[in-house]
Amino acid sequence: MRIALLCLAVASLLPPSALAVPKNIIYMIGDGMGPSYVAAYRYYQRDPAASVVGNTVYDDLLTGMASTYPDDDTLVTDSAASATALATGIKTFNGAISVNRQHIPIGTMMQLAKRLGKANGIVASSQVNHATPASFLAHNSSRRNMNAIADMYLDYRIDGKPVADLIIGGGTKYFVREDRNLIAGFTELGYQYTDDYKQLAGLTRLPAIALLTDNALPAVLNSDYDSMLAPLTEKALQLLSTADKGFVLMVEGSQIDWCGHDNDIACAMAEMHDFAKAIEVAKAYVDANPDTLLIVTADHETGGLSLGANGVYQWHTEVIKRVKATGREIAKQLQQLENQQDISKRYTELTGISLDKAQLQLLITALSNEDEKVGRSQILQFINDASLTGWTSGGHTAADVPVMAYGKHAGEFSGFMDNTAIAKKLIQYIQQTK
């Protein structure tokens, strides 16, 4: 497939340095992770017996902040436009997957890495062809064209090979379809493949692909795992570390954003924990391989999260810690029950919150609504009220996002910058590959 690519717009941003550029780049994106999420996780993780609130890995690595606005007058970006900026250094319109306003494809850092002989890979807790990972590997005028994006993962070749040497996440339904079996195409090209989370050890070399669920991975709060993303990150680093010229790895904590869209604070904290565990794996890799740079940021903030609400100067993390499932899962379970007492009992078992008669009636009424969102919203409203968690939106906001850096050249990511500046620096490092 021949696609005209714009030249990568790379500004000369780095000061002269005697240090060589990083051999390896680990790029971690917490989708929807605004600054309030980082603060919330700090308080969520605190030891109640301690006199001070301890730092988390997010706090320890924090170096700056970034703006996220897209290439239009909305100021509020979606994941496709922001991921395009983070993958190419060029802004675009909401919904676009690494194409500009004229719908012309923009070269990505993964494509550049491939041309220069570096290995590259993506890991995501969403479908691997979702907006953020797609922006590193594909081009499309709409993020909604997910089958076409999946096709491009196989069809777009550099020196006869697909761009990604490693793909790990969810989304089998987009790659094994009635009209086309992309996995057969990948395996014909020598890719190892698994669709089982417990069989990751079977991936022993590059190239490799693991599609572990039909859609996205399960929300961590609904799973049996303390972290799902950390083992995937560890496997990715194990496989990529054999590359002679180094690698570029993008890891997305995809579902932080989905929890924010639902205004589900317990879900959000579980996904932040999952992402934190993955960051710790990456940080340990940098410690063992000092020629590596770790960058952590977000594509945007989701939900307008506030810690404290309704004019009350408190935020109750102990309420959040008692919640055992996401709002979606709680709604699913409650809708299977008919008896009001059973609904009340099960709600308390899953949330730790006891409902009075008025609250129970509100819940019953909401669950009976044909729109599933109404019941879920009421379920979560009780949790938000009890924990004094506030939300201003069910969508994204224009809030700046944190930037974290660790390892070689981490100091170049301090202070305030635009999201495109992050990509431009990383692209410049990749261009200097020897």
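## The largest pocket

Helix H16 (372-387) supplies seven residues to the lining of the largest pocket, which is the most that any element gives. Helices are DSSP runs of H or I with at least four residues and strands are runs of E with at least two, numbered from the N terminus. Three further elements, namely helix H10 (255-262), helix H13 (327-334) and strand S13 (389-390), each contribute at least two residues to this lining, as H16 does.

The model is predicted, so that local features need pLDDT of at least 70 and side-chain atom pairs count only at pLDDT 80 or more, while totals for chains, interfaces and linings use all residues. Residues are numbered from 1 along each chain as its sequence is written, and side-chain values use heavy atoms, with hydrogens and water left out.

The space in the largest pocket comes to about 640 Å³. Among its 29 lining residues, those closest to the centre are Trp258, Asp262, Arg328, Arg376 and Leu380. A pocket is an open set of points on a 1 Å grid over the protein atoms alone, with protein on both sides within 12 Å along at least five of seven lines, and lining residues have an atom within 4 Å of a point. By residue class, the lining of the largest pocket holds nine nonpolar, twelve polar and eight charged residues, where Asp, Glu, Lys and Arg are charged, Ala, Val, Leu, Ile, Met, Phe, Trp, Tyr, Cys and Pro nonpolar, and the others, Gly among them, polar.

The structure has one cavity of 30 Å³ or more, a cavity being a set of grid points where a 1.4 Å probe fits but cannot get out. The space inside the largest cavity is about 30 Å³, and its lining consists of Leu137, Met152, Tyr153, Tyr156, Val163, Ala164 and Ile167. These seven residues are nonpolar, and the lining has no polar and no charged members.

## The ten-stranded sheet

Ten strands make up an open sheet of mixed pairing, in the order S7-S8-S6-S3-S9-S1-S10-S15-S2-S16; two strands pair if DSSP finds at least two bridges between them. At the edges are strand S7 (192-194) and strand S16 (415-418), each of which pairs on one side only.

Within the sheet, strand S3 (residues 119-127) and strand S9 (residues 247-253) run parallel and are joined by six bridges. Alanine 124 has glutamate 252, in S9, as its bridge partner.

## Two loop residues with positive phi

Leucine 388, in the loop between H16 and S13, has a phi near 60°, which is a positive value in a residue other than glycine. Leucine 388 is buried at a relative accessible area of 8%, where buried means under 20%, exposed over 50% and partly exposed in between, with a 1.4 Å probe and protein chains only.

Histidine 409 lies in the loop between S15 and S16, and its phi, near 70°, is likewise positive in a residue other than glycine. Histidine 409 is buried, its relative accessible area being 11%.

Key. Points joined across faces, edges and corners; volume = space filled by probe spheres on them.
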